[in-house]
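This briefing concerns the pockets of the structure shown below and the residues that line them.

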Amino acid sequence: MTEKPVETWRPVRAVFVAGFALVLLFLTLFSAYGHVPGPAVAALVLPGILTPTLIAAAALGVLSVGRFAPEAKIQKRLLYGMIGGLPIGLLAMGGMLAAYHSGPSVTYVAVTVAVAGLLGGLVAAAQPISTIAAGAAAGVVASAIGLLVAYFQNDLVNLFGNQETVGSMADASYRLQLTSSIVSGIAAGALAFGYLRRTGLALPWPAYPLAGGIPGLLTLGAALIGWIGGLPLSHAVAKESEFDAAIIANRLPEQVNHGLILLFAGAFVAMILVGRTLKRN
C-alpha cells in the first residue's frame, strides 16, 4: 500500500522523536565537555559523539523530508534530508570544539562531526520514511541505555564480577558490554515495532526488522566515519604514545561488535514481534 504523505510523516510523533534525539545529543556533548584533555581522549570520545549525531540528524531529516518532499523524487528527498541534518552537524561540531579545541587535528575532528550530521540527514531520504522515524526512536533508546551504563559503569562492573584484579576487571567489562549491547538491541527492536504499529500504516513486514536494525546500522556508520575522520588524530596520538595508539586501535573492533549485536538483535526482535501479528494463510 502506498503511504499518504501526512500518514507517512505523522508530525507529532516525528517531532517527539526529534526532541528526544536532541536531548540525547545535548547530554552526550555535555558529558564530553571538560573531559577531553588531549588527542587520545578525543579519539576515544569521537565515536560516542558521532552515534547520537547520526540519530538526531536522521530524526531532523525525517521532519524536513516529510514537510517539504514527502512524495518527491530521490534527489529532492536527499537534498531536504541533508538540509535537516545540517544544523545537527553544526551543533555537534560546536559541542565537540568546546570539548576539544586546542590539540592536534582539531579541524579534522570538527569536519568529521559536521559531515556525520549531513550523512545522518541523508538517511531520511529512504522510504518508507516512517521506518526511519521508528529507527531513530529506537536509536534514542539504545543510546540512552548506553549513557546509563557508562554513568553507572563502576558499579555495574563490580556487579558483573570485578574482583579488583586485571583479569577479573577485563572479564567483567566484557560481560557488561555484551549484556548492554544485547539489552539495547532488544529494547530497540521492541520500540521500533511498537512505533510502527501505532502509526496504523499497512507496511510490508520487512519494514519492521529494518527499523529495528537502524540503530545498529547507525552505530556501525559512526564507527566507520570515526575511523576515517579520526585517522589524523590517531597518527597524532601515535607520535606521543604507542600505548595510547594501541588502545584506540583496539576500540574499533569493540565498536563494530556492539553495532553488529545492535543490528541483529534489533532486527530479530522486531521481526519476531511482527511475525506474531501476521495472519496465517
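Helices (H or I, at least four residues) and strands (E, at least two) are DSSP runs, numbered from the N terminus. The model is predicted: local features need pLDDT of at least 70, side-chain atom pairs count only at pLDDT 80 or more, and totals for chains, interfaces and linings use all residues. Residues are numbered from 1 along each chain as its sequence is written, and side-chain values use heavy atoms, with hydrogens and water left out.

**Largest pocket**
- The largest pocket holds about 1900 Å³ of space; a pocket is an open set of points, on a 1 Å grid over the protein atoms alone, where a 1.4 Å probe fits, with protein on both sides within 12 Å along at least five of seven lines.
- Its volume is the space filled by probe spheres set on the points, which are joined across faces, edges and corners.
- Lining residues have an atom within 4 Å of a point; there are 50 here, and Gly48, Gly146, Ala150, Gln153 and Arg251 are the closest to the centre.
- Helices that each supply at least two lining residues include H2 (11–32), H3 (39–68) and H8 (166–199), while H6 gives the most, with eleven.
- The lining comprises 28 nonpolar, 20 polar and two charged residues (nonpolar: Ala, Val, Leu, Ile, Met, Phe, Trp, Tyr, Cys and Pro; charged: Asp, Glu, Lys and Arg; polar: the others, Gly among them).

**Second largest pocket**
- About 260 Å³ of space lies in the second largest pocket.
- Among its 17 lining residues, Gly226, Trp227, Ser234, Ile248 and Ala249 lie nearest the centre.
- H3, H9, H10 (231–240) and H11 each give two or more residues to this lining, and H11 has the largest share, six.
- Twelve residues of the lining of the second largest pocket are nonpolar, four polar and one charged.
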